[in-house]
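Reader: Could you walk me through this structure, starting with what sits around the ligand?

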Amino acid sequence: MKKTLFVANWKMQPERAKDASLLWGATKRAAKTARSTSVVVCPPFVHIAPLAKSIDRSVLLGAQDVSLYPDGAHTGEISAGMLTNLSVRFVIVGHSERRHIGETNEIVARKVKVALAAHLRPIVCVGEHERGMHGEHLGHLQEQMTKSLAGIGKAGAQNLVVAYEPLWAIGKSFKYAMKPAEIHETSLFIRKILVKLFGRTAGTAIPVLYGGAVASENIASVVYEGEVDGVLVGHASLSSQQVTGMIRALESKK
Ligand code: PGA
């Protein structure tokens with residue numbers, strides 16, 4: 001059975017190491033009960049090394065960004081190799097909050113390549129600012145995907161994950177998440193582009209996630225009615241109660 005991917009994106013939180021450790025512990029406890037869900041936690045860089053010391057088989061570690069340079073003199077940057085050496089397996093690339101501060105599709109494509117070369121699985125984020133009346137957002141998605149995944153071959157595609165996150169839903173209450181029927185429709189469109197880029201076999205195997213206002217209240221309908229391979233969860237992943245509820249909701253539907 002293909003497992004559902006549950007990716008927790010903590011963003012720039014929590015501030016204190018103690019709180020990060022508590023949330024990590026609670027997430028691991030919830031993840032231990034999961035049979036059909038793979039749980040990936042993406043803490044801020046500074047928390048990765050201490051948390052990696054207590055990693056077990058219940059969760060996988062991810063990062064929220066990576067340098068586009070594989071090595072060298074780049075002040076303030078974190079390389080893909082440094083992450084791999086800390087047991088990090090996934091990395092979010094091209095999140096809208098990074099695109100907002102200047103990350104272009106071309107930069108995203110370079111980061112994807114650097115991540116793949118270091119054996120990290122990039123979770124490439126795409127999504128529109130708003131939905132046009134005439135399907136303009138589809139053109140935007142197609143351009144983001146084609147350019148952000150430029151130069152990735154079929155071998156690289158085996159380790160890709162794509163996260164569709166409509167910007168207008170991010171950070172909102174679950175009531176404002178995209179409706180499952182629209183999630184399904186958009187994920188099919190994304191799948192079509194992946195098949196065009198990588199061929200039927202590789203394109204069909206790439207997990208497509210949904211992100212934006214996912215919480216325990218809507219996660220089951222997002223995944224099972226929206227028919228996506230998993231979720232990228234922001235603010236709800238900071239609440240241990242929510243994390244427990246979300247994993248339980250995913251598991252009880254299988
Ligand atoms: P949200 O964020 O769950 O807080 O809406 C999702 C994301 O930005 O990845």
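This is a predicted model: local features need pLDDT of at least 70, side-chain atom pairs count only at pLDDT 80 or more; totals for chains, interfaces and linings use all residues.

Reader: OK, which backbone atom is 2.7 Å from an oxygen atom of the ligand?

Author: That is a backbone N or O atom of glycine 234, which lies 2.7 Å from a ligand oxygen. The protein covers 99% of the 290 Å² of accessible area that the ligand has on its own, as computed by the Shrake-Rupley method with a 1.4 Å probe, where for residues only the protein chains shown count as cover.

Reader: And which side chains have an N or O atom 2.7 Å from a ligand oxygen?

Author: Lysine 11 has a side-chain N or O atom 2.7 Å from an oxygen atom of the ligand, and the side chain of histidine 95 also places an N or O atom 2.7 Å from a ligand oxygen.

Reader: How many residues surround the ligand?

Author: There are 13, and the closest are Lys11, His95, Glu165, Gly171 and His235; a residue counts as near if one of its heavy atoms lies within 4 Å of the molecule. By class, this shell has five nonpolar, six polar and two charged residues, with Ala, Val, Leu, Ile, Met, Phe, Trp, Tyr, Cys and Pro taken as nonpolar, Asp, Glu, Lys and Arg as charged, and the others, Gly among them, as polar.

Reader: Back to lysine 11: what is its phi?

Author: Phi of lysine 11 is positive, about 55°, although the residue is not a glycine. Lysine 11 is found in the loop between strand 1 and helix 1, where helices (H or I, at least four residues) and strands (E, at least two) are DSSP runs numbered from the N terminus.

Reader: Switching topic, how many residues are in the largest nonpolar core?

Author: It has 68 residues, and those with the most contacts inside it are Phe6, Leu194, Phe198, Tyr210 and Ile219. Helix 8 (residues 180-205) gives the most to this core, with seven residues. Such a core is a set of buried Ala, Val, Leu, Ile, Met, Phe, Trp, Tyr and Cys residues joined through side-chain atoms within 4.5 Å.

Reader: Is isoleucine 123 buried or exposed?

Author: Isoleucine 123 counts as buried because its relative accessibility is 0%; buried means under 20% relative accessible area, exposed over 50%, and partly exposed in between (1.4 Å probe, protein chains only). Isoleucine 123 lies in strand 5 (residues 121-126).

Reader: What does isoleucine 123 touch?

Author: Leaving out residues up to four places away in sequence, isoleucine 123 touches Val7, Phe90, Val91, Ile92, Val93, Val161, Ala163 and Leu209, contact meaning heavy atoms within 4.5 Å.

Definitions and conventions. Residues are numbered from 1 along each chain as its sequence is written. Side-chain values use heavy atoms; hydrogens and water are left out. A polar contact is a pair of N or O atoms within 3.5 Å; within protein, one must be able to donate a hydrogen and the other to accept it, and residues adjacent in sequence count only if both atoms are side-chain atoms.
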